[in-house]
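Dear colleague,

I am handing over the structure below, and after it I set out what was found. Please read the notes with the model open beside them.

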Amino acid sequence: MGTLVHDIEYHPGKGAMLARAAGTSAKIIKEPASQCLVRLPSGVEKLIDSRCRATIGIVSNPHHGARKLRKAGQSRWLGRRPIVRGVAMNPVDHPHGGGEGRTKGGRPSVSPWGKPTKAGFRAVVGVGKRRI
């Protein structure tokens, strides 16, 4: 009890699924007979089968998330593409695109495929209402 572990199996023999990211660990809180109570990095406490394997200790490289990218190219090296606003695109690329000069988009926020993106759109669209 109180041991820090990582690379925890969720189902026996299925391979590690929990606490695998850089610098993370989980804490064993209780060890009853067939199941263990484990506090995960998110703070959630889960009951896990005692036959599941885990590695004692913390995953290395704890400063991975705190690393500062010095230039745009470093972000590209990691496979991240630039974020481009819909209003900066052409009308063929996004519903908010086009117009003469700078525009506000001209309609409520939508995805590039025309689906509403902001909170509360489900009530406007009427999802879950019975159709007659």
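Read from one end of the sequence to the other, the protein chain follows the pattern β-β-β-β-β-β-β-α-α, which amounts to 2 helices and 7 strands; helices (H or I, at least four residues) and strands (E, at least two) are DSSP runs, numbered from the N terminus. Please keep in mind that this is a predicted model, in which local features need pLDDT of at least 70 and side-chain atom pairs count only at pLDDT 80 or more, while totals for chains, interfaces and linings use all residues. Residues are numbered from 1 along each chain as its sequence is written, and side-chain values use heavy atoms, with hydrogens and water left out.

On confidence, the mean pLDDT of the protein chain is 89, and 89% of its residues reach 70 or more; pLDDT is the predictor's confidence in each residue, from 0 to 100. Confidence is highest in β7, at a mean of 96, and lowest in helix α2 (residues 121–125), at a mean of 60. Where pLDDT is low, the predicted coordinates should not be read in detail.

The strands come next. An open sheet of 5 strands, with antiparallel pairing, has the order β6-β5-β4-β1-β7, and its edge strands, each pairing on one side only, are β6 (45–49) and β7 (55–56). Two strands are said to pair if DSSP finds at least two bridges between them. Strands of a sheet pair through backbone hydrogen bonds, either parallel or antiparallel.

Taking the pairs one by one, β1 (residues 4–6) and β4 (residues 26–30) are antiparallel over 2 bridges, and Leu-4 has Lys-27 of β4 as its bridge partner. On to β5 (residues 35–39), which pairs with β4 in the antiparallel sense over 3 bridges: here Ile-28 stands opposite Val-38, and Lys-30 has Leu-37 as its bridge partner. These two strands, β4 and β5, form a hairpin with 4 residues between them. A further hairpin is made by β5 and β6, with 5 residues between them, and Gly-43 in its turn has a positive phi of about 100°. The strands β5 and β6 run antiparallel and are joined by 5 bridges, among which Arg-39 stands opposite Glu-45 and Gln-35 is partnered with Asp-49.

The largest pocket has a volume of about 170 Å³. For the terms, a 1 Å grid is laid over the protein atoms alone, and a pocket is an open set of points where a 1.4 Å probe fits, with protein on both sides within 12 Å along at least five of seven lines, while lining residues have an atom within 4 Å of a point; grid points are joined across faces, edges and corners, and the volume is the space filled by probe spheres set on the points. The lining of the largest pocket consists of 13 residues, of which Ile-28, Cys-36, Cys-52, Arg-53 and Ala-54 lie nearest its centre, and the elements that give two or more residues to this lining are β5 and β6.

Gly-57 lies in the loop between β7 and α1 (72–77), and leaving aside its neighbours within four places in sequence, Gly-57 is in contact (heavy atoms within 4.5 Å) with Leu-4, Val-5, His-6 and Ser-25. The C-alpha atoms of Gly-57 and Thr-3 are separated by 7.8 Å, although the two residues are 54 residues apart along the chain.

His-94, in the loop between α1 and α2, counts as buried because its relative accessibility is 8%, where buried means under 20% relative accessible area (1.4 Å probe, protein chains only). Not counting residues up to four places away in sequence, His-94 touches Gly-86, Met-89, Val-110, Ser-111 and Pro-112. Across the protein chain, buried residues make up 21% of the 132 residues.

With best regards

Terms used:
Buried < 20%, exposed > 50% of the residue type's maximum accessible area, 1.4 Å probe, protein only.
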